[in-house]
Amino acid sequence: MIDSAKAGFYLNTLNSQIKMDLPFTESYKIKMVEPIRKSTRKEREAWIKKAQYNLFNLRSEQVFIDLLTDSGTGAMSDQQWGAIMTGDESYAGSSSYFHLKETIKDITGFDYFLPSHQGRAAENVLFSSLIKEGDLIPGNAHFDTTKGHIEFRHADAVDCTIKEAYDTTKEHPFKGNVDLDKLEHVLISNPKERIPMIIVTVTCNTAGGQPVSMQNLKDVYQMAKKYGTTVIFDAARFAENAYFIKMREPGYRNHSVKEIVREMFSYADGMTMSSKKDGLVNIGGFMAFREKEMVDKCSMHTIMFEGFVTYGGMSGRDMNALAVGLQEVVDFDYLDTRIQQVKYLGDKLIEYGVPVQQPIGGHAVFVDAKRFLPHVPKEEYIAQTLAVELYVEGGVRGVEIGTLLADRDPHTRENRYPALELVRLAIPRRVYTNNHMHYVAAVLKNVYDRRDQIKHGFSITHEAPILRHFTVELERVHKEASVRK
């Protein structure tokens, strides 16, 4: 018979031998902090009204947690700040340019590149060089500036995303994939002279930060070669896409992120890059190509719109910081920390019953506004209504990815109502803690708990003819006005 003292001793000894699973933790430590102010609901109601219910019009100090975008809003590393100090600001032939060129070659395999001051500037140069009126540009749910640049040139963006992307409840590991049947139909039905390129966005932002599989990238590239066209990656979040391939696609778990990235880019002829995302910098962009012919086509427009070909609107110090950032972004520990934080927010929202695009994407959580606010008419901009409610409730700024962003049809000038009405909560890189994410989730839960009281949204009082969501002005739709309408 073992007495109680001996039993306690044996139990404690056994417990001490059980290895405890270590909790997930960030792969960095904080060196500097920036204060942020909590405002009152009354203040926020006044501020958003003065901003004409456009979240882009708010001043940054009026926002508590800013999830408007992950573009240029991240925190740079100590190594990046150090690299800034050694930037070469020569107008032509800067050593910073050649450093960045070597880094891009190492990461992507592309021999040729042209810098630009940001991603949409790279699109402007590339599309000015290659797209003409009447062209068709198929791809996987082109993002706002991409589609805007295409339509500005009186060409058409053709969405060939798989249908699973438009069901937010469906679990599919690669909702960013191109539907190969849709793509081939476009390629067969039109002369190749009208299709200068296929654009594949990795990850696919409009579909909810969803990745594209390696097999799909390979299949698209082979189809492009069969029909005589070019594949361009919108590669703003290429490393996050590579992370998902590593974690979800059979055969890649033992590959390094850098190896996966190199294979990804082997299925493209070129790329545009907003370096403000997976470049881990606050400003900058570039184009990179496999063939010199593409650089020759784009160089004139680079010089016209951006600057000389060895700086293209970027300072030497920013090129140095970008060169370091491109090496840091393909580190698995960095990516795991970044994407696990996004997932933490998504899992909290799912726990609270808030409808979101599933599986959770790489750079943001996308809230399904149609399912969240079923009583708001589509004509009253459902996702924008939810984004404003989120801000008023807790000072959290997200962004509408819905009817406002979809713009009007360039031919009929009628509103385009996309299959998805989303509010994107884009997480800046290395900026917020998980406590901030928990706060965001709680704010959304509060709005969700009173969702049945939200029955009306907004009408437009002023809009630009293209990319209207940046500068749109809105007013609330009241019950009486809605009845009259």
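**Notes on the predicted model**

1. Just after helix H11, glycine 307 takes a positive phi of about 145 degrees. Helices here are DSSP runs (H or I) of at least four residues and strands are runs (E) of at least two, numbered from the N terminus. The model is a predicted one, in which local features need pLDDT of at least 70 and side-chain atom pairs count only at pLDDT 80 or more, while totals for chains, interfaces and linings use all residues. Residues are numbered from 1 along each chain as its sequence is written, and side-chain values use heavy atoms, with hydrogens and water left out.

2. H11 itself covers residues 292–305, and its 14 residues should span 20 Å at 1.5 Å a residue, which agrees with the 20 Å between its end C-alpha atoms; the expected span is 1.5 Å times one less than the number of residues.

3. Which residues of H11 are buried? They are Met294, Val295, Cys298, Ser299, His301 and Thr302, buried meaning under 20% relative accessible area, exposed over 50%, and partly exposed in between, with a 1.4 Å probe and protein chains only. Their cover includes strand E2 (112–116), helix H5 (119–130), strand E6 (231–234) and strand E8 (285–289).

4. Two cis peptide bonds deserve a look. One runs from valine 202 to threonine 203, with omega near -15 degrees, and threonine 203 sits in the loop between strand E5 (198–201) and helix H8 (214–227). Another joins glutamine 358 and proline 359, with omega about -5 degrees; proline 359 belongs to the loop between helix H13 (332–351) and strand E9 (364–368).

5. Positive phi values also call for a check. Tyrosine 381, although not a glycine, has a phi of about 60 degrees; this residue lies in the loop between helix H14 (369–372) and helix H15 (382–394) and counts as buried at 4% relative accessibility. Arginine 430, likewise a residue other than glycine, has a positive phi near 60 degrees, and its place is the loop between strand E12 (422–426) and helix H17 (434–449).

6. Valine 329 is found in the loop between helix H12 (316–328) and H13. Is this valine buried or exposed? Valine 329 is buried, since its relative accessible area is 0%. Leaving aside neighbours within four places in sequence, valine 329 is in contact (heavy atoms within 4.5 Å) with Phe238, Ala239, Asp278, Leu280, Tyr334 and Leu335.

7. Rolling a probe the size of a water molecule over the atoms shows where empty space is left. On a 1 Å grid over the protein atoms alone, a cavity is a set of points where a 1.4 Å probe fits but cannot get out, a pocket is an open set with protein on both sides within 12 Å along at least five of seven lines, and lining residues have an atom within 4 Å of a point. The largest pocket holds about 1500 Å³ of space, a volume being the space filled by probe spheres set on the grid points. Of its 38 lining residues, Met32, Gly74, Ala75, Arg430 and Val431 lie nearest the centre, and the elements giving two or more residues to this lining are helix H3 (78–84) and H13.

8. The second largest pocket has a volume of about 500 Å³. Its lining consists of 31 residues, the closest to the centre being Ser71, Arg120, Phe143, Asp144 and Lys277, and H5, helix H6 (144–152), strand E7 (270–274) and strand E11 (399–401) each give two or more residues to that lining.

9. The structure also holds 3 cavities of 30 Å³ or more. The largest cavity has about 60 Å³ of space, and its lining residues include Asn54, Leu55, Phe56, Gln384, Glu400 and His469. The second largest cavity has a volume of about 50 Å³; among the residues that line this second cavity are Asp70, Gly74, Ala75, Lys277, Leu280 and Arg429.
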